[in-house]
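Let's work through a few exercises on aromatic rings. Take a look at the sequence and the fold, then try each task before reading on.

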Amino acid sequence: MRIKIKSIVKIVGEEELAVIPLAENGYFIECLNFYEDVEGGRQARLVIVLDKFGDIKFDQINFIKGKKTFIDAVGIEEDFKKISNVIKLDKIARMFRVPLYFDIKQISNPDTNQRGVRGLYNYLNVHKEIEISKLKNVVSLDVEESI
């Protein structure tokens, strides 16, 4: 995926979510998130996390809380094809802009009422497990920063 970061962004909120790291480029990490789009839903979506302090661990599912904005992205479909060769994806989010989370904090007790957390639990209820080690670097991340 190729993302374009603008120097000024509009914050649209703050939320908690579960992320599975896929690829990194500097401080930016492309992650897989399962989102509860409908009750019981487990829609796969790609998100970008700005991790300036190395909080995201590549060998586990990370629960984070952070501010959210949206950025332009290209190559989302191709990344989903690569990911679906490794794990089963029931439904994917078709988008041209992806969420970017920044000012993140790791959380140990995630709010299971958050849709970005519940989607993971819904996925695990159906598929039982995710082989996280097989997902590392299955995709690549390119970053273009605008000033």
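This is a predicted model: local features need pLDDT of at least 70, side-chain atom pairs count only at pLDDT 80 or more; totals for chains, interfaces and linings use all residues.

**Exercise 1.** Work out how the rings of Phe-34 and Tyr-123 are arranged, and where the two residues sit.

Start with the count: there are 2 aromatic pairs here. For Phe-34 and Tyr-123, the ring centres are 4.2 Å apart and the planes meet at 20°. Planes under 30 degrees apart count as stacked, so this pair is stacked. Next, find the two residues: Phe-34 is in strand β3 (residues 28–35), while Tyr-123 is in helix α2 (residues 115–127).

**Exercise 2.** Is Phe-63 buried or exposed, and which parts does its pair with Tyr-121 tie together?

First, the geometry: Phe-63 and Tyr-121 are stacked, with 6.5 Å from centre to centre and 25° between the planes. Now the location: Phe-63 belongs to strand β5 (residues 62–74) and Tyr-121 to helix α2, so the pair ties together parts 58 residues apart in sequence. Then the accessibility: buried means under 20%, so Phe-63, at 16%, counts as buried. Tyr-121, at 34%, counts as partly exposed.

**Exercise 3.** Which residue lies over the face of Phe-58?

Look above the ring of Phe-58 and you'll find Lys-136, at 5.2 Å from the ring centre. The cut-off for a charge over a ring is within 6 Å of the centre.

Note on methods
Residues are numbered from 1 along each chain as its sequence is written. Side-chain values use heavy atoms; hydrogens and water are left out. Rings of Phe, Tyr and Trp (its six-membered ring) pair if their centres lie within 6.5 Å; planes under 30 degrees apart count as stacked, over 60 as edge-to-face and the rest as tilted. Helices (H or I, at least four residues) and strands (E, at least two) are DSSP runs, numbered from the N terminus. Buried means under 20% relative accessible area, exposed over 50%, partly exposed in between (1.4 Å probe, protein chains only). A charge sits over a ring if NZ of Lys or CZ of Arg is within 6 Å of the ring centre and within 35 degrees of the ring normal.
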